[in-house]
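Have it open beside you as I go through the entries.

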Amino acid sequence: MKRARLLAAGALLLAGFGYTGITSAQEVSYNIGWASEYYYRGLLQKESSGSAGIDFTNGGFYAGGWTADVGDGLEVDGYFGFGVETDEGLSASIGFTGYYYTGDFDDTYEELNLNFGYGMLGIEYSFGTYDNFDGPEQDYNFLAATISAENGLYGTLAQFGGDFDGNYIELGYGLTISEIDFGIAAIFSSDEFGEGNGQFDANGNPAESQAVIFTIGKTF
């Protein structure tokens with residue numbers, strides 16, 4: 001879930017929709033961002049995409065919305081859930097995310113998100129359904145492991161399952177300068193994503209793909 005917090009370059013790309021933390025009081029924040037190429041879970045959505053979102057937290061509860069330009073209309077996401085964190089740094093959250101579209105770019109996805117974290121390691125497991133336009137509804141799951149360093153470096157290894165297939169690796173770095181968040185990321189996707197990412201081999205078959213993207217954003 002693309003919560004656009006831009007803690008690292010991948011925040012506009014995979015954005016870890018689970019909230020892993022506790023705040024002592026309610027808080028509302030807003031965010032805007034831009035990506036040279038909008039990737040999500042290893043798949044290209046659009047080149048040069050702007051985004052904006054809102055987040056609300058109260059104790060362990062979180063809710064919010066996020067929207068991005070996908071060319072044929074907008075992607076509009078909504079999410080909510082609850083998270084906890086121990087004094088030892090172990091965190092867990094459960095939440096729901098819906099992905100909706102104002103045009104014909106894609107159809108509705110709705111999923112349940114489970115997130116766990118300890119130290120530098122974060123684990124996401126999400127499972128949901130895809131409406132698939134006029135075709136049969138599809139079930140899918142998504143598993144990702146992310147290692148994040150305090151200096152802004154991170155790496156993610158992720159895999160789809162169920163009716164979806166494919167995997168990717170994302171390596172990135174993010175930093176904040178004068179309250180503006182900047183990021184760079186390299187994404188290496190398997191050949192199952194080749195058609196969506198516009199990559200084909202000499203025989204016209206979908207091929208593995210690579211991308212380097214840049215992001216900039218600000219949270220208010």
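**Entry 1: two backbone angles.** I started at F133, which sits in the loop between β7 (121–130) and β8. This is a predicted model, and I read everything below with that in mind. F133 is not a glycine, yet its phi is positive, near 50°. Is F133 buried or partly exposed? I found a relative accessibility of 45%, so F133 counts as partly exposed.

Next I turned to R41, in the loop between β1 and β2. R41 also has a positive phi, about 50°, although it is not a glycine. Its relative accessibility is 4%, under the 20% limit, so R41 counts as buried.

**Entry 2: a glycine in a strand.** I looked up G50, which belongs to strand β2. Which residues does G50 touch, once neighbours within four places in sequence are set aside? I noted G33, W34, T67, A68 and D69. The relative accessible area of G50 is 32%, which falls between the limits of 20% and 50%, so I wrote down "partly exposed".

**Entry 3: the nonpolar core.** How many residues does the largest nonpolar core have? I read off 25, and Y38, Y109, F142, F164 and Y168 have the most contacts inside it. Several strands supply at least two residues each to this core, among them β1 (27–40), β3 (61–69), β8 (138–148) and β12 (209–219).

I then picked out F164 from that group. Leaving out neighbours within four places in sequence, I listed its contacts as Y109, Y130, Q138, D139 and Y140.

**Entry 4: the second largest pocket.** F164 and Y109 came up again here: together with L43, D106 and F160, they are the lining residues nearest the centre of the second largest pocket. The lining has 23 residues in total, and the pocket holds about 500 Å³ of space. Which elements give two or more residues to this lining? They are β2 (43–58), β5, β6 (109–118) and β8. β2 gives the most, with 3 residues.

I noted 11 nonpolar residues, 9 charged and 3 polar.

How values were computed. Residues are numbered from 1 along each chain as its sequence is written. This is a predicted model: local features need pLDDT of at least 70, side-chain atom pairs count only at pLDDT 80 or more; totals for chains, interfaces and linings use all residues. Side-chain values use heavy atoms; hydrogens and water are left out. A nonpolar core is a set of buried Ala, Val, Leu, Ile, Met, Phe, Trp, Tyr and Cys residues joined through side-chain atoms within 4.5 Å. Buried means under 20% relative accessible area, exposed over 50%, partly exposed in between (1.4 Å probe, protein chains only). Helices (H or I, at least four residues) and strands (E, at least two) are DSSP runs, numbered from the N terminus. Contact means heavy atoms within 4.5 Å. On a 1 Å grid over the protein atoms alone, a cavity is a set of points where a 1.4 Å probe fits but cannot get out, and a pocket is an open set with protein on both sides within 12 Å along at least five of seven lines; lining residues have an atom within 4 Å of a point. Grid points are joined across faces, edges and corners, and a volume is the space filled by probe spheres set on the points. Ala, Val, Leu, Ile, Met, Phe, Trp, Tyr, Cys and Pro count as nonpolar, Asp, Glu, Lys and Arg as charged, and the others, Gly among them, as polar.
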